[in-house]
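Here's a quick tour of one chain, written for someone who likes to know the cut-offs behind the words. Have a look at the model first.

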Amino acid sequence: GFFVLQQMGGTSNPSEEQLALVTARVIEIASAISETAASLDGSGYFEDSGFDDEERGAALSARLLEYCASVEELDPNIDDHPQPRRMARYLLENVEFDVLQAPLPSALTAKPKEVAGEGAGLSKGVKFGATLAFVAMLFVLALYRDAAASVSASLSTSASSASGAMTRARPSHLHPAHHRGTPAAGGAAGGGVSSGLGHHGVGYATAMEIALTGTTG
């Protein structure tokens with residue numbers, strides 16, 4: 001491994017132009033994995049640009065290694081080289097500049113499948129969220145309907161109970177059940193009155209007849 005590194009060479013004191021070129025290549029490769037990295041500058045940090053998880057960090061390291069023609073024992077990890085400029089310096093010191101300045105193959109700037117599918121994943125997530133919201137709404141409506149039915153039934157029961165209570169509390173002189181003996185007494189009294197009037201009625205009729213006869217005569 002050491003022999004290969006020596007054979008590949010490297011630049012112990014890279015120029016500013018070399019640093020700028022390789023830094024731009026590093027950012028371009030990183031941007032294919034995380035779109036946030038497109039706003040990176042040389043002194044920015046990878047972990048602040050979408051590389052705060054191991055999976056993306058490992059993906060970037062793998063692409064940078066491919067960019068460097070898989071130089072043996074090269075380890076372009078973002079833990080040791082957390083900024084694009086520092087990563088570029090590390091690569092320049094260990095890889096031949098001719099390799100680093102070569103045009104980037106399209107494979108290094110293509111979005112990984114998991115990144116390219118982020119939009120679809122987001123769309124699925126939004127649809128799933130909308131479905132959950134719809135189900136929750138139906139559940140709430142069902143609860144509201146059941147609650148309304150329960151309240152209606154309760155009100156109906158209360159009204160029936162109140163009506164029964166009012167019937168039971170009605171005064172005795174208004175309740176038919178308390179007058180069962182009264183009609184008989186009334187009838188008896190009425191009968192007595194009628195009977196009394198019946199006795200005197202004959203006398204009144206006779207007197208009226210005599211008076212009329214006398215007047216006529």
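Accessible areas here come from the Shrake-Rupley method with a 1.4 Å probe, and for residues only the protein chains shown count as cover. On that basis the chain has an accessible surface of about 14,300 Å², 61% of it belonging to carbon and sulfur atoms.

This is a predicted model, where local features need pLDDT of at least 70, side-chain atom pairs count only at pLDDT 80 or more, and totals for chains, interfaces and linings use all residues. Residues are numbered from 1 along each chain as its sequence is written, and side-chain values use heavy atoms, with hydrogens and water left out.

Helices are DSSP runs (H or I, at least four residues; strands are E, at least two), numbered from the N terminus. The chain has nine helices and zero strands. Of its 217 residues, 24% count as buried (under 20% relative accessible area; exposed is over 50%, partly exposed in between, with a 1.4 Å probe and protein chains only).

Now for helix H3, at a glance:

| Feature of H3 | Value |
|---|---|
| Residues | 54-67, 14 residues |

Buried residues in H3 include Leu60, Leu64 and Tyr67. After H3 comes Ala69, with a positive phi near 60 degrees.

Over in helix H8 (residues 118-168) sits Val135, which counts as partly exposed because its relative accessibility is 47%.

Terms used
Expected span 1.5 Å × (residues − 1).
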